[in-house]
Amino acid sequence: MIRRPPRSTPKPSSAASDVYKRQSSVKYDEPENTPDDYLLLNIVYCSQMRPGLGLTDVNAIVATSHRRNPVLGITGLLTFGSEIFFQWIEGPKLEVLDLIKLIKTDNRHENMVILSSDEEVRERIFPNWDMELVSADDIKAVLNDALSTARERSSIDALKLLLAKVERH
């Protein structure tokens, strides 16, 4: 089973799956001077890979995310399978919205659909992942693991909704 590191641990344990080995050493729990009512925006979308592209293109997307997202305070996960992208993005509102605009204009995607968007005061669901590529086979385990460590009702509800969608497909 894929294990997400505990929220208090910025780096993966030695027993963690390869999925976690690419984590940034940056801990995304919000800075000390962040007000208690700090809002995080999360957007979940899916899109289709344009014809003629392959795994090299997916790896390029992930590599770019690893460079850019830590600077922007964006975390999340990307799942790719059957030429479909499914992504959870969370972070400061303006940065997330700018990233979504960029993704919408990225010629590697088509038929992009926003599945959910929520701005609220809450914990990050993926606090240590600048953007991890999770195989479609592993997404259910990752979401269940995130659910087992989530503390806030809104995070628990969001994860349950995503799990229900995964189980239907």
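A residue is called buried when its relative accessible area is under 20%, exposed when it is over 50%, and partly exposed in between, using a 1.4 Å probe and counting protein chains only. With that in hand, welcome to this structure. It is a predicted model, in which local features need a pLDDT of at least 70 and side-chain atom pairs count only at pLDDT 80 or more, while totals for chains, interfaces and linings use all residues. Residues are numbered from 1 along each chain as its sequence is written, and side-chain values use heavy atoms, with hydrogens and water left out.

**The overall picture**

- The protein has four helices and five strands; helices (H or I, at least four residues) and strands (E, at least two) are DSSP runs, numbered from the N terminus.
- Of the 169 residues of the protein, 42% count as buried.
- A contact means heavy atoms within 4.5 Å. Among the contacts with a separation of 6 or more, 75% come from residues 24 or more positions apart.
- The accessible surface comes to about 8900 Å², and 53% of that belongs to carbon and sulfur atoms; such areas come from the Shrake-Rupley method with a 1.4 Å probe, and for residues only the protein chains shown count as cover.

- Helix α2 (residues 93-105) has 13 residues and reaches 19 Å from its first C-alpha to its last, close to the 18 Å expected at 1.5 Å a residue. That expected span is 1.5 Å times one less than the number of residues.
- Its buried residues are Val 96, Leu 99, Ile 100 and Ile 103. They sit on the same side of α2 because they cover an arc of only 100 degrees around the axis, the arc being that of the directions from the helix axis to the C-beta atoms.
- A helix has 3.6 residues a turn if it is an α-helix, so residues three or four places apart point the same way.
- On the other side of α2, Leu 94, Lys 101 and Thr 105 are exposed.
- The cover over the buried residues of α2 includes β1 (40-49), α1 (55-72), β3 (84-91) and β4 (109-120).
- Asp 106 is found in the loop between α2 and β4, and Asp 106 is buried, with a relative accessible area of 17%.
- The side chains of Asp 106 and Arg 108 are joined by a polar contact of 2.7 Å. A polar contact is a pair of N or O atoms within 3.5 Å; within protein, one must be able to donate a hydrogen and the other to accept it, and residues adjacent in sequence count only if both atoms are side-chain atoms.

- Six of the seven residues of strand β2 (residues 75-81) are buried, so β2 is largely enclosed by the rest of the structure.
- Two strands pair if DSSP finds at least two bridges between them.
- β2 and β3 run antiparallel and are joined by seven bridges, with Phe 80 standing opposite Phe 85 in β3.
- β2 and β3 form a hairpin with two residues between them, and Ser 82 in the turn has a positive phi of about 55 degrees.
- β2 also runs parallel to strand β5 (residues 132-135), through four bridges. In β5, Glu 132 is the bridge partner of Leu 77, and Val 134 is that of Thr 79.
- Glu 132 and Val 134 form the covered face of β5, while Leu 133 and Ser 135 form the uncovered one.
- In a regular strand the side chains alternate between the two faces of the sheet.

**Helix α3**

- The buried residues of helix α3 (residues 139-149) are Ile 139, Val 142, Leu 143, Asp 145 and Ala 146. They cover an arc of only 160 degrees around the axis, which puts them on the same side of α3.
- These buried residues of α3 pack against β2, β5 and α4 (153-168).

**Individual residues to look up**

- Asn 111 is found in strand β4. Phi of Asn 111 is near 55 degrees, a positive value in a residue other than glycine, and at 54% relative accessibility Asn 111 counts as exposed.
- Glu 119 is found in strand β4 and counts as partly exposed, at 32% relative accessibility.
- Phe 126 lies in the loop between β4 and β5 and is buried, with a relative accessible area of 1%.
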